[in-house]
Amino acid sequence: MFHKNRMEAHYSRIAAKKKFAPTGGGRERDYPKDEDDPGLLASAIPEDTPHIPYKPLQRSNDEVLQRSREYYELMAKRRTVRSFSTEPIPQEVLDNLVKTAGTSPSGAHTEPWTFVVVQDRETKSMIRSIVEEEEEANYSQRMSRQWVADLRPFATRPTKPYLTDAPALILVFRQTHSWREDGRKRMHYYSELSVAIAAGFLLAAIQYCGLVSLTSTPLNCNSRLRDLLSRPPNERLELLLPVGRPHPKATVPDLQRNPLERIMVKV
């Protein structure tokens, strides 16, 4: 009841101060039919953006091979963890994780992502309340029986203690579009794919620095969490990632990944 009252008060504050950007009805398209005057069209970044020489560090074939092996071995140890230590994470680490995700490629360099990092205990508690309420309905009414059966080996349940145990939550929002300085819509091309790639960069960075995460997709929570975090209507929640160190007693299913010959085709 305490969290419910706090959330209701929070929503009231949001309603009082929220300023919505103009939106069109229905699902946004990544590349809609252009209806603007061609003379008014502007590229996502300035057309006169200079091109500069690209000179990455040169490595020998032996170095490339060694580094490819080392990186594979590191990433092969990555696992989804559902039990977290409450030990805090330095702010600079979280900053670097998000900066790394921001280096991901995106359609026309529109960078259609927002990463909301939550460390405040009260906000994490409200997020957990929303997710657990929706998950109770998901498991009992919305999800198919087969879906629920497929999740049983992973010991997933409507209760999500990791949302308050993990020292940080990173919520990955996809911007369906943004707005130019003149108030006209700026389209984001391949926004879903761009955000998915950025999420991959983020997960790899988390693994590289020795932390763990859980790729949580909070079903039916988008609008409520977006309002709670005061995000605009052109953003959609795609992933909710608890981030931290594993609990000393954390366990994971003993899974095996497909071998190379099952996932790679040589032509």
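The expected span of a helix is 1.5 Å times one less than its number of residues. I note that the model is predicted, so local features need pLDDT of at least 70, side-chain atom pairs count only at pLDDT 80 or more, and totals for chains, interfaces and linings use all residues. Residues are numbered from 1 along each chain as its sequence is written, and side-chain values use heavy atoms, without hydrogens and water.

**Helix 7**

I took helices (H or I, at least four residues) and strands (E, at least two) as DSSP runs, numbered from the N terminus. For the 18 residues of helix 7, 1.5 Å a residue gives 26 Å, and the end C-alpha atoms are 26 Å apart, which agrees.

I looked up which residues of helix 7 are buried (under 20% relative accessible area, with exposed over 50% and partly exposed in between; 1.4 Å probe, protein chains only). Among them are Ser194, Ala198, Leu202 and Ile206. Their cover includes helix 2 (61–76), helix 3 (91–101) and strand 1 (113–118). Just after helix 7, I found glycine 210 with a positive phi of about 90 degrees.

**Tyrosine 190**

I located tyrosine 190 in the loop between strand 4 (185–187) and helix 7 (191–208). Tyrosine 190 counts as partly exposed because its relative accessibility is 47%.

**Strand 6**

I checked strand 6 (residues 235–244) and found eight of its ten residues buried. Strands pair if DSSP finds at least two bridges between them. Strand 2 (residues 168–175) runs antiparallel to strand 6, joined by eight bridges; arginine 174 has arginine 236 as its bridge partner there. Strand 5 (residues 212–213) also pairs with strand 6 in the antiparallel sense, over two bridges, and serine 213 stands opposite valine 243.

Methods:
Contact means heavy atoms within 4.5 Å.
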